[in-house]
Structures are given as C-alpha cells and as structure tokens.
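I opened this entry to keep track of what I looked up, item by item. The notes follow the sequence and structure.

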Amino acid sequence: MKFNNIIILFSALFSQVLSLNILGVFPYQGKSHFFVFGPYLKELARRGHNLTVISYFPLKEPIDNYHDIKLSGKVLEDVFPIYRSYWTIIETSLFLKNSGQENCITLLENENVQRLWKTEQKFDLMLMELFNNDCALGLAHKLGLPVVGLTSHVLMPWHYEDYGIQYNPSYVPVLFLEGGTKPTLYQRIERSIFHVYLVYLHKLTCRRNNQKTLAQYFDDVPPLADLAKNVKMLLLYTNYVVSGSGLYPPNVREVGGYHVTKPKELPQDLKKFIEESEHGVVYISFGSMLRSTSTPKDKLDAIIAAVSEIPQRIIWKWEEKTLPGNPKNIFISNWLPQNDILAHPKVLAFYSHCGMLGTTEAIHYGVPMIGMPIFGDQPGNAAAIEESGLGVQIHIKDLTKELLLEKLRIVLNPEFRRKVKELSKVWHDRPQSPMDTAIYWTEYAARTANYTFRTPASSVPLYQYRIWDVTAVILAILIIFIYSIKTVISLVQKRREDRYYEFKTK
Ligand SMILES: *[C@@H]1O[C@H](CO)[C@@H](O)[C@H](O)[C@H]1NC(C)=O
Ligand SMILES: *[C@@H]1O[C@H](CO)[C@@H](O)[C@H](O)[C@H]1NC(C)=O
C-alpha cells in the first residue's frame with residue numbers, strides 16, 4: 001500500500017516533468033527558418049510533450065500530441081534576388097523591420113491565438129522563434145510562461161545586449177557583412193556602423209511598434225527590452241566547430257545540427273544520375289529564399305562555362321525548365337531533396353549561398369563547400385566555412401569562369417575532401433546529439449522555471465559594462481595629478497627666478 005503510494009507520488013512528480021504542455025510561437029513566415037524547427041518540434045511531441053504550435057506551416061500529416069494553429073498569410077520563398085550592395089542591406093533591414101511589425105499584428109489578431117488567453121489555457125513553457133520581432137514575449141508574459149528562444153541562424157544584433165554578450169567588431173561578424181574573425185580596419189568600421197544601425201532600427205521601430213500592438217490587447221505589458229532579458233534559454237543554431245568559438249553565457253546554448261534527419265531513398269532519376277556518374281557529382285543550390293533565375297546573366301554564364309569544363313556531373317536547384325545552352329552534364333529541378341543528395345557518397349562538393357541549413361548538412365556529411373554568400377548571416381557563414389576548413393568562398397562580384405574553376409579544383413582535391421571528412425568527425429564528437437541537447441535544455445528550462453541563469457552582464461548599464469565611468473574617473477585623477485605637479489613645478493621655478501632677480505637687483 002505504502003509502496004503503491006510512493007509509486008503514484010513518483011509518477012505524478014515525473015509526469016509533471018516529463019510531459020510538458022508546450023506553446024510554440026513562430027510568427028515569421030520564412031520557410032527556410034521553419035525547416036530547422038520542424039524536426040525538433042515533432043521530436044518533442046514524439047517524446048510525449050503536448051505541443052500547440054502557432055505558425056504558417058501546419059503539419060501535412062497529423063501526428064500525436066501536435067496541435068497546429070495556422071496563421072494566415074503568404075509564405076516566403078524565392079523572394080530575394082542574387083545580388084549584393086549596401087543598398088540591398090538597407091532594403092533587407094527595412095524588410096525585417098516591416099515584417100517584424102506585421103508578424104505581431106497577424107499573430108495577435110488571430111482568433112485561435114486569442115482563444116489561448118481568453119480561455120486561460122494552461123501551458124508550462126513557451127518556445128518562440130527570436131528573429132525579426134519580440135512580440136510573443138508579451139504573450140508569454142500574459143500567460144506567465146518561461147521562454148525558450150530558438151534561432152535558425154547566428155545571434156541577431158540586438159541579442160548581444162539582451163543576453164549580456166559583448167559585441168566586438170574586432171572578431172565578431174555582423175549580419176550582411178564580410179570579414180569573418182579577421183576583419184580589416186575598413187570592415188571593422190563598416191560592421192560597427194551597421195551593428196549600431198541594426199540594433200537601433202530594431203529597438204526604435206520594430207520593438208516600439210510591437211509594444212504598441214501588445215498594448216491594444218493587454219494592459220501592463222512590461223517593456224519588451226526587459227522581457228527580452230528574461231528569456232530562460234536561447235537555443236542558438238550554430239556550433240563552434242564551424243562557426244568558431246563564441247563567448248556565450250550558460251543560458252545561450254549552441255544546438256546546431258538537430259534538423260538533419262536520416263537520409264531517405266533518392267528518387268529513381270536522381271539516384272541513377274548520381275550513381276552513373278564516373279567522377280562524382282557537384283551539387284549547386286542557392287536555397288529556398290533566393291531566386292536563382294535572378295542571377296545576373298554574366299554570372300550565370302560564368303557558372304555554366306565553369307561547370308561544363310569539369311568531369312563531374314552537376315545537380316542544380318533551378319526554378320526554370322531549362323538552363324541557357326542546355327548543358328548536358330547538368331540535372332536541373334526546382335525541388336531537390338538536399339539532405340539525401342548531400343548524404344550520397346558520390347556527391348563531392350556543394351556550391352551554395354551558405355545558408356545555415358545547407359552549411360549544417362554539408363558539415364554533417366563532410367561535403368566540401370564553395371560558399372557564395374548573398375545576404376543575412378551568409379557572409380559570416382561563408383567566412384566561417386573558409387576559416388574552419390569546410391570550404392572556400394567566392395564573392396559574387398568577383399565571380400568569373402576562371403575563379404570558379406580554380407575553387408572547384410581546390411574543393412574537389414582528394415586531400416581537401418579528406419580533411420573535411422575529419423572536420424565532420426569533430427562536428428559529430430559530442431556528449432549528446434544536437435537533438436538530445438536541444439531537448440535537454442528545453443526540458444531543463446521548464447524544470448528550473450523559478451530560477452534565472454542570465455548573466456548580470458545583461459543588466460549592467462552600457463557605460464559600466466564598457467568601463468567608461470571608471471576610465472573617466474582615473475583619467476580625471478591623472479589629469480588633476482599632472483596639472484598639480486605642473487603647477488608645483490612652475491611655482492618652484494617662479495620662486496627661483498624671483499630670487500635670482502632679487503639677487504641681481506641687489
Ligand atoms: C494538449 O494541447 C491541446 C491543444 O492546445 C489541448 O486541447 C489539450 O487539452 C492538451 N492536452 C493536455 C493533456 O493538456
Ligand atoms: C515555482 O514556484 C512555485 C511557487 O512556489 C511552485 O508552485 C512551482 O511548482 C515552481 N515551479 C517549478 C517548475 O518548480
């Protein structure tokens with residue numbers, strides 16, 4: 001009898017911990033981002049947690065414990081042209097700001113979302129994408145939920161302040177810009193300016209606007225800047241083996257790699273094309289957000305000319321039915337199972353825009369990359385690929401047939417490929433799989449909801465954090481000290497001169 005009670009008590013205790021009621025909020029409509037989160041959300045449901053997921057991407061086939069709330073609106077893919085300039089950076093940053101504001105409105109005006117707070121549905125934890133807006137932090141506050149933040153990329157510029165991480169342009173890349181961890185002086189100035197621009201654009205427009213939108217629905221929502229600092233755990237979609245060692249506090253965890261699923265059987269035509277290649281295959285894709293048909297004509301010609309000269313076959317994600325010149329060794333399709341292609345041992349290299357998904361799959365399977373970054377975190381990823389040894393990079397403005405051929409020869413070299421396989425082993429060498437790591441810290445955040453692990457660095461005012469006040473005081477003391485000494489010396493000198501003068505006049 002007593003023993004039974006203990007078991008009941010234990011199972012009650014454990015079921016509380018083991019099966020969480022989780023609310024997932026994904027207010028951004030970018031398809032490539034949700035590609036990352038999907039497998040993790042499904043795995044949480046498979047492990048017995050009850051998920052309610054607000055997003056633009058409802059499941060195609062229902063699974064147990066997974067309940068969708070669909071947001072209405074157009075999904076984003078194939079939208080950005082393959083082109084780079086300061087102007088496209090400004091445009092993209094304004095797009096981020098506008099979509100961040102609209103995403104908040106769409107989220108809160110959804111009736112099924114409103115039902116959550118009107119019926120006071122009980123949850124243990126909120127998962128939310130932290131990308132272009134912080135709106136859902138207000139909702140988490142209203143529902144009294146601890147928050148686990150998710151990204152499908154590196155930190156956003158304002159995250160540094162939110163999590164008390166120092167943004168240092170001398171070795172930390174900023175979104176949209178090149179330079180990696182060894183920037184030139186010009187690049188350091190460039191990234192310092194853009195960092196401040198992006199942070200203040202977010203804080204003064206998007207965050208303020210989100211706050212106003214929230215105020216239409218709830219009274220007493222604390223400033224989003226404060227709520228952002230209270231995020232329990234941020235699961236960052238990077239890993240230091242490729243992205244380089246960052247300085248993160250314990251509530252920021254690197255979980256890069258969890259979206260890579262076991263490869264499936266390739267479609268017949270593709271499988272035949274790969275397996276009948278005598279010298280292997282090079283895979284080309286510029287992702288789901290970029291339109292490869294908008295590649296400038298001279299660049300496109302350069303790519304086609306270069307790949308027609310190598311003995312390898314080419315698989316290219318291309319939205320049109322044909323390529324100019326209809327090259328024979330190229331397989332084109334507007335949809336390709338990237339994960340399964342990269343998993344094939346005959347796929348020798350990957351020519352990519354360096355999105356975090358493709359980069360992660362490439363390191364997972366040990367496929368060398370040629371990175372041609374366009375926007376967002378891609379320039380930083382491309383630099384990381386080169387610095388880690390996963391591949392080489394090409395800047396689109398420099399792209400010519402000769403340069404691409406040279407880069408292809410580098411990554412197709414057997415010695416280069418052997419080193420990438422070695423790097424891939426290091427990537428896989430972890431105490432837990434990335435999926436287990438992500439789920440561990442998610443459950444941990446719920447178990448430790450009453451504690452905070454944020455670093456005090458996140459609440460220290462900037463002038464103290466940068467030691468400006470101490471420097472000012474010490475400088476002031478030094479100046480006073482030097483000035484006093486000078487005064488004393490000149491006084492002594494004056495007295496001497498006076499005496500000399502007295503002596504002479506006597
Ligand atoms: C699981 O979530 C659904 C949808 O939000 C909810 O209706 C249901 O009551 C939850 N189940 C449990 C056991 O809490
Ligand atoms: C947090 O503290 C409250 C109040 O003491 C308690 O009811 C709750 O169970 C605690 N939460 C967790 C996850 O331990």
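**Ligand 1**

I then looked up the area: taken alone, ligand 1 exposes 360 Å², and the protein buries 46% of that. The side chain of Asn 50 has an N or O atom 2.5 Å from an oxygen atom of ligand 1. For Asn 21 I noted 2.8 Å between a side-chain N or O atom and an oxygen atom of ligand 1. The list of residues around ligand 1 reads Asn 21, Asn 50, Thr 52, His 67 and Gln 121.

**Ligand 2**

Which residues are around ligand 2? I found Ala 446, Arg 447 and Asn 450. A polar side-chain atom of Asn 450 is 2.3 Å from an oxygen atom of ligand 2. Ligand 2, taken alone, exposes 360 Å², of which the protein buries 30%.

**Confidence**

I recorded that this is a predicted model. The pLDDT averages 91 over the chain, and 94% of the residues score at least 70. Residues 11-16 have a pLDDT below 50, and this stretch has one contact in the model beyond near neighbours in sequence. Where pLDDT is low, the predicted coordinates should not be read in detail.

**Domains**

I noted the division of the chain into domain 1 (18-258 + 433-458), domain 2 (268-428) and domain 3 (463-500). Between the C-alpha centres of domain 1 and domain 3 I read 51 Å.

**Nonpolar core**

I looked up the largest nonpolar core, which has 146 residues; Tyr 40, Leu 41, Met 126, Tyr 258, Ile 315 and Trp 316 touch the most other members. Why does this core lie between domain 1 and domain 2? Both domains give residues to the core, so it lies between them.

I followed up Met 126: leaving out residues up to four places away in sequence, Met 126 touches residues including Leu 23, Val 25, Ala 136, Leu 139 and Val 148. Pro 146 is also among the residues that Met 126 touches.

Definitions and conventions: Residues numbered from 1 in each chain as written. Chains lettered and ligands numbered in written order. Predicted model: local features only at pLDDT ≥ 70, side-chain atom pairs only at ≥ 80, totals over all residues. Heavy atoms only, no water. Near = heavy atom within 4 Å. Polar contact = N/O pair within 3.5 Å; in protein donor to acceptor, adjacent residues only side chain to side chain. Areas by Shrake-Rupley, 256 points an atom, 1.4 Å probe, with all protein chains shown as cover. Core = buried A, V, L, I, M, F, W, Y, C linked by side-chain atoms within 4.5 Å. Buried < 20%, exposed > 50% of the residue type's maximum accessible area, 1.4 Å probe, protein only. Domains from an automatic or database assignment. Contact = heavy atoms within 4.5 Å. pLDDT = per-residue confidence, 0-100.
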